[in-house]
Amino acid sequence: MKTMKKIGLTLTLCASILMLAQVALAAKVLKMHHLNKNGAFDNPSGAAAVVFKNLVESGTNGSVTVQIFPSGQLGKDAEVVQQVKAGIIQLGVHSVGGVGSVYPMISVLDVPFAFPNHAVAYEVLDGPFGQKLGADITAKTGLKTLGFSDSGGFFQFTNSKRPIKTLEDMKGLKIRTMGLETHKKLVASLGAQPVSIAWSEVYTSLQTGVADGQMNPVPIVEFAKLYEVQKYLTISNHLFAPHVWLMNADFYNSLSESERTVVESAAKTAIVVSRGIANAIEASDRGLPFLSEKMEVYTLPEAEKARFRAASLPVIKEYLEGAFGEEGKAMLTAFLDAIAKASK
């Protein structure tokens, strides 16, 4: 009798192990890249990533598991885009600089001073224009576009040399940019010298004087501790550069219909979370109030913004129309029309 019980227990144990192995084999692993630290309250991309993971795993009852690789640990953003294309990882939350390596026309978003506020930016990126842009990215790259999250809000200028209060104060400053031609041309049009530097090298470059300054949203200045190597912050709101969610198309197509629904819904929710966190950080004691204690902060008056815009807008429009031809003109027109409609 004892022998029979032992055999029974052994068979039960073997069956349980087999079932667990089958579940493990059946689970689809989604490896996810983003540029910053993980954390629900640390930064927009970190918050979005942890929310996405939770919603996907719970919504699919574990049939899809999410492994997050934060802080750019898989490589530079442009390199990781290629990993997503190759299926080495399945999802990347990329800067426009990273996306520009495979879809240069993402630069259409770099029209200076285009968005009057966050609400208009979100409406444009979630609406027909965002859908049009996402579909074109997918058509040109083969990557499934899941949406556009907030990288931290509007871009501002920081530097270690002097306050930027007028257009003339930009002259001669070495300003770090992403590798995008539009960012380089924008900085040059304002009289500064663009220096293209990978995000992972920005802090050291500012610390050692390779660059005098840089442009990024307030939450990024805070969580990257750029205030340690920068003295002046100018609130200019000159660009809004979202993060773009790109998924490997083969992986997306391998999901069941219900799994795709969960993944797309989770991405949309995570994108909303990124926006809330970005705005909350900027307004909290981790944003402008905090940075005001560490840096000299100055907000450009509307009249001076108009001078910055007048110097940069014609340069960027000329570049976009020349670089992308009629297709670029059509996308640019659609972009500006969408902003005008959302601003009413």
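**Reading the sheets and the cavity**

Guide: In this predicted model, 5 strands form an open sheet of mixed pairing, ordered β2-β1-β3-β10-β4. Its edge strands, each pairing on one side only, are β2 (64-69) and β4 (143-149). From one strand to the next the twist averages 20°. Strands (E, at least two residues) and helices (H or I, at least four) are DSSP runs numbered from the N terminus, and two strands pair if DSSP finds at least two bridges between them. The model is a prediction: local features need pLDDT of at least 70 and side-chain atom pairs pLDDT 80 or more, while totals for chains, interfaces and linings use all residues. Residues are numbered from 1 along each chain as its sequence is written, and side-chain values use heavy atoms, without hydrogens and water.

Visitor: In which sense do β1 and β2 pair, and over how many bridges?

Guide: Strands of a sheet pair through backbone hydrogen bonds, either parallel or antiparallel. Here β1 (residues 28-33) and β2 pair in the parallel sense over 6 bridges. Lysine 31 stands opposite glutamine 67 in β2.

Visitor: Which strands does helix α2 lie across?

Guide: Contact means heavy atoms within 4.5 Å; axes are lines fitted to C-alpha atoms, for helices over the stretch in contact, with angles from 0 to 180 degrees between N-to-C directions. Helix α2 (residues 44-59) lies across β1, β2, β3 (91-94) and β10 (243-248), at about 165° to β2. Helix α11 (residues 257-283) also packs on the sheet, touching β1, β2, β4 and β10, and its direction makes about 30° with that of β4.

Visitor: What is the strand order in the sheet of 6 strands?

Guide: That open sheet, again of mixed pairing, runs β7-β6-β8-β5-β9-β11. Its edge strands are β7 (193-196) and β11 (296-299). Parallel strands β6 (residues 174-177) and β8 (residues 213-216) are joined by 2 bridges, and isoleucine 175 stands opposite glycine 213 in β8. Helix α7 (residues 181-189) packs on this sheet and touches β6, β7 and β8; its direction makes about 155° with that of β7.

Visitor: Which residues line the largest cavity?

Guide: A cavity is a set of points on a 1 Å grid over the protein atoms alone where a 1.4 Å probe fits but cannot get out; lining residues have an atom within 4 Å of a point. The structure holds 1 cavity of 30 Å³ or more. Its lining consists of Leu109, Val111, Phe113, Ala114, Phe115, Phe154, Asn237, His238, Leu239 and Phe240.

Technical notes. 1 Å grid on protein atoms, 1.4 Å probe; cavity = no way out; pocket = protein on both sides within 12 Å on 5 of 7 lines; lining within 4 Å. Points joined across faces, edges and corners; volume = space filled by probe spheres on them.
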